[in-house]
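Biologist: I would like a close look at a single part of this model. Please take it step by step and keep to what the coordinates show.

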Amino acid sequence: MSKLIGDRIYSLRKKLGLSQEEFANRIGVSRQVVSKWEMNQVIPLTDKLKKISEEFNISYDETFGDKDSIKRNNIIR
């Protein structure tokens, strides 16, 4: 089973060596929002998903997995 979106965001952020605060500033959200994403309490909105993919410099699929695994994890509603 693929990782949940929040787990993936956490892993990628850590690879960049960024704090939640630094990452939040780059994406244009608060640190609390990043925390909620990483704890899988909420999912990023579409415009933020695009910014996250751009920040990590990888494709949407690489960042969040294939569409089927995303649906299985209730990420697309």
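With which side chain does the side chain of Glu38 make a polar contact?

Modeller: The model is predicted. In it, the side chain of Glu38 makes a polar contact with the side chain of Arg13, at 2.5 Å. Glu38 belongs to helix α3, which covers residues 31-38. Glu38 has a relative accessible area of 9%, and because buried means under 20%, this residue counts as buried. Leaving aside residues up to four places away in sequence, Glu38 touches Gly6, Asp7, Ile9, Tyr10, Arg13 and Gln20.

Just after α4, Asn57 has a positive phi of about 60°.

Phe56 also takes part in ring pairing. The count of aromatic pairs comes to 1. The ring centres of Phe23 and Phe56 are 5.4 Å apart and the planes lie at 10°; planes under 30 degrees apart count as stacked, so this pair is stacked. The pair links distant parts of the chain, with Phe23 in helix α2 (residues 20-27) and Phe56 in helix α4, 33 residues apart. Both Phe23 and Phe56 are buried.

Terms used
Residues numbered from 1 in each chain as written. Predicted model: local features only at pLDDT ≥ 70, side-chain atom pairs only at ≥ 80, totals over all residues. Heavy atoms only, no water. Helix = DSSP H or I, 4+ residues; strand = E, 2+ residues; numbered from the N terminus. Buried < 20%, exposed > 50% of the residue type's maximum accessible area, 1.4 Å probe, protein only. Polar contact = N/O pair within 3.5 Å; in protein donor to acceptor, adjacent residues only side chain to side chain. Contact = heavy atoms within 4.5 Å. Phe/Tyr/Trp six-rings, centres within 6.5 Å; stacked < 30°, edge-to-face > 60°.
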